Amino acid sequence: MPRPVAIMWFRTDLRIDDNPALRAAVESSDEIICAYVFAPEDEGPWAPGDASRRWLARSLSALDAGLRERGSGLVLRSGPTVDALRELSAETGARSVFMGRRYEPLAARHDERVIGALREDGIAVRVFETALLHDPGSLLTGSGTPYKVFTPFFRAAERIGTPGPSGPGPRRIPGPLRLPRSEPIEAVERRARTAVPGLDASWSPGERGAKERLHAFLGSGLGTYAGERDRPDLESTSRFSPHLAFGEIDVRAVLAAAREAAEADERLTRGADAFIRQLYWREFAYHLLHHFPHTAERPLRARFEIFPWSRDDAGLAAWQRAETGYPVIDAGMRELAETGWMHNRVRLLVASFLTKDLLLPWLEGARWFWTSLVDADLADNTLGWQWVAGCGADAAPYFRVFNPVTQGERYDPDGAYVRRWLPELERLPARWVHRPWEAPADTLRAAGVRLGSTYPRPIVDHAEARKRAIALYDALRSGEE
Ligand SMILES: Cc1cc2nc3c(=O)[nH]c(=O)nc-3n(C[C@H](O)[C@H](O)[C@H](O)COP(=O)(O)OP(=O)(O)OC[C@H]3O[C@@H](n4cnc5c(N)ncnc54)[C@H](O)[C@@H]3O)c2cc1C
């Protein structure tokens, strides 16, 4: 007697290898329906942004191709999720659903409803950990409270140790003779308005692309990672973030690969340690969002509820369009628009510029990142923005207002990053490339730069903006405001 049909419901685990849910589905049934439900309406205010949709469409195509190589294929349905899964089970006679857990608060609550509805229909649901190293609720301080500071969280996580990856995926995935109806994958990005022009040239979405990147990073990036990871002018980091956000590669497999590389060659140990620490920042972000679910929209530190953020539509637009007149900020915003990604150091700088120089609400920045990033991840994005704004866990001290000129000179010393993204400054000598408004007139002329015409003058004076920000933060701190 063949065992009843099972649905493998892919979510933020768009991979075949190291996918415990898929493995269990194949072990339990003789016929698997591999499905993805595109249901932005179920995600509330954090429905996938334009850049994420473009990545998702490519990632689903790659998954479909991988499944077809194994005798199956992907069935894409539109939401609402409950209806889509109910219909698919009714059409195929499926008696069980295998799925990976989502941890974002709204998604987790929504999942409970979906699981409840399926179980009411008599469908068995099995849920697996596919996206993180640890369950975000599992690590607590000695007194049973969530961690709010990274280092003790990291130490506690290290003490427990991380579970290894679950291993290679099934060679064959038995599908039905005819796949059920599937919607065209392009539909996922149909309503994305903003293009990411450099997406296909910069990235290879999907499991294979993720593995190739892992291979390349272990071979050439890990050794220099500790010393160079803050340098946006060098290919100094792994660029795994979109692959991790969509689960095209298992974070446990990434961590294990970094450890193995360091065991095989001890010169890689420093790099591997620094890299693994960053993977734990991602864990920490999920830990915080799990325990403080309101923080996607509101500050973790309650006092910041009354921070007097400005309204400055022109300033916001200049920031979004890479027209602030500060080269490292504008280069970062161009990199974002072109590739859907931005180097971490530059994310810190552009976020500091928006929240401290322009005094605009961090949520405006978080929303812009959300639509523009191919690695948009609610936990990481929330942590990053609140950290910079000073209102989150383990946050930057309120008096830290990154100086876009000296930071640019420190981390992009020859101006190669600025020149790459701002060709209008290409011919400015390194000495002036982070501060063109101070360059002598003949240097500007020789470089073909006309301030206010080919490149903007600074929209704020950083020294004054810094004083203004510190005064407001000071007042908030002492409760005088
Ligand atoms: C304002 C702001 C917003 C951010 N928004 C996002 C986001 O939406 N999605 C996202 O994935 N990351 C976000 N980050 C974190 C970080 O910038 C990116 O994860 C990193 O730049 C990705 O590049 P990489 O994969 O080469 O990183 P690597 O340096 O190679 O690190 C490896 C992995 O560790 C994790 N990681 C690294 N740094 C951090 C960090 N500071 N916080 C949390 N996890 C980290 C990522 O998963 C990353 O892929 C944000 C940071 C800031 C300051």
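## Domains and their contact

Domain bounds here come from an automatic or database domain assignment. The model is predicted. The assignment gives domain 1 (6-130), domain 2 (132-163 + 205-291) and domain 3 (302-478). The C-alpha centres of domain 2 and domain 3 lie 26 Å apart. Their contact takes 17 residues from domain 2 and 21 residues from domain 3.

On the side of domain 2 that touches domain 3, helix 9 (241-245) and helix 11 (269-291) each supply at least two residues. Helix 11 provides the largest share of that side, five residues. By class, the residues of this side divide into nine nonpolar, two polar and six charged.

## The nonpolar core

In soluble globular proteins, nonpolar side chains tend to be buried together. The largest nonpolar core in this model has 133 residues. Ile-7, Met-8, Cys-34 and Ala-35 touch the most other members. Helix 11 gives the most to this core, with nine residues.

What does Cys-34 touch, not counting residues up to four places away in sequence? Its contacts are Met-8, Phe-10, Leu-67, Ser-72, Gly-73, Leu-74, Val-75 and Ile-173. Met-8, one of these contacts, is also listed with Cys-34 among the core residues that touch the most other members.

Strand 1 covers residues 6-10, and five of its five residues are buried, so strand 1 is largely enclosed by the rest of the structure. In a regular strand the side chains alternate between the two faces of the sheet. In strand 1, Ala-6, Met-8 and Phe-10 point one way. Ile-7 and Trp-9 point the other way. Both sets are buried.

Strand 2 (residues 32-38) runs parallel to strand 1, and five bridges join the two. Ala-6 has Ile-32 as its bridge partner in strand 2.

## Backbone features

A cis peptide bond joins Gly-79 and Pro-80, with omega about 0 degrees. Pro-80 sits in the loop between strand 3 (74-78) and helix 3 (81-92).

Arg-239 is not a glycine, yet it has a positive phi of about 55 degrees. Arg-239 is found in the loop between helix 8 (207-228) and helix 9. Is Arg-239 buried or partly exposed? Arg-239 is partly exposed, because 18 other C-beta atoms lie within 10 Å and a buried residue needs 20 or more. Leu-359 also has a positive phi of about 55 degrees, and is not a glycine. Leu-359 lies in the loop between helix 14 and helix 15 (362-372). With 19 other C-beta atoms within 10 Å, Leu-359 is partly exposed.

## Two further sites

Arg-11 is placed in the loop between strand 1 and helix 1 (20-28). Arg-11 is partly exposed, with 19 other C-beta atoms within 10 Å. Leaving aside neighbours within four places in sequence, Arg-11 is in contact with Met-99, Gly-100 and Arg-102. Arg-11 and Pro-174 are 163 residues apart along the chain, and their C-alpha atoms are separated by 20 Å.

Ala-256 is in helix 10 (residues 251-264). Ala-256 counts as partly exposed, with 16 C-beta neighbours inside 10 Å. Not counting residues up to four places away in sequence, Ala-256 touches Gly-164 and Pro-165. Ala-256 and Asp-312 are 56 residues apart along the chain, and 46 Å separates their C-alpha atoms.

Methods: Residues are numbered from 1 along each chain as its sequence is written. This is a predicted model: local features need pLDDT of at least 70, side-chain atom pairs count only at pLDDT 80 or more; totals for chains, interfaces and linings use all residues. Two residues are in contact if their C-beta atoms, placed from the backbone, lie within 7 Å. Helices (H or I, at least four residues) and strands (E, at least two) are DSSP runs, numbered from the N terminus. Ala, Val, Leu, Ile, Met, Phe, Trp, Tyr, Cys and Pro count as nonpolar, Asp, Glu, Lys and Arg as charged, and the others, Gly among them, as polar. A nonpolar core is a set of buried Ala, Val, Leu, Ile, Met, Phe, Trp, Tyr and Cys residues joined through C-beta atoms within 7 Å. A residue is buried if 20 or more other C-beta atoms lie within 10 Å of its own, exposed if 12 or fewer, and partly exposed in between; C-beta atoms are placed from the backbone. Two strands pair if DSSP finds at least two bridges between them.
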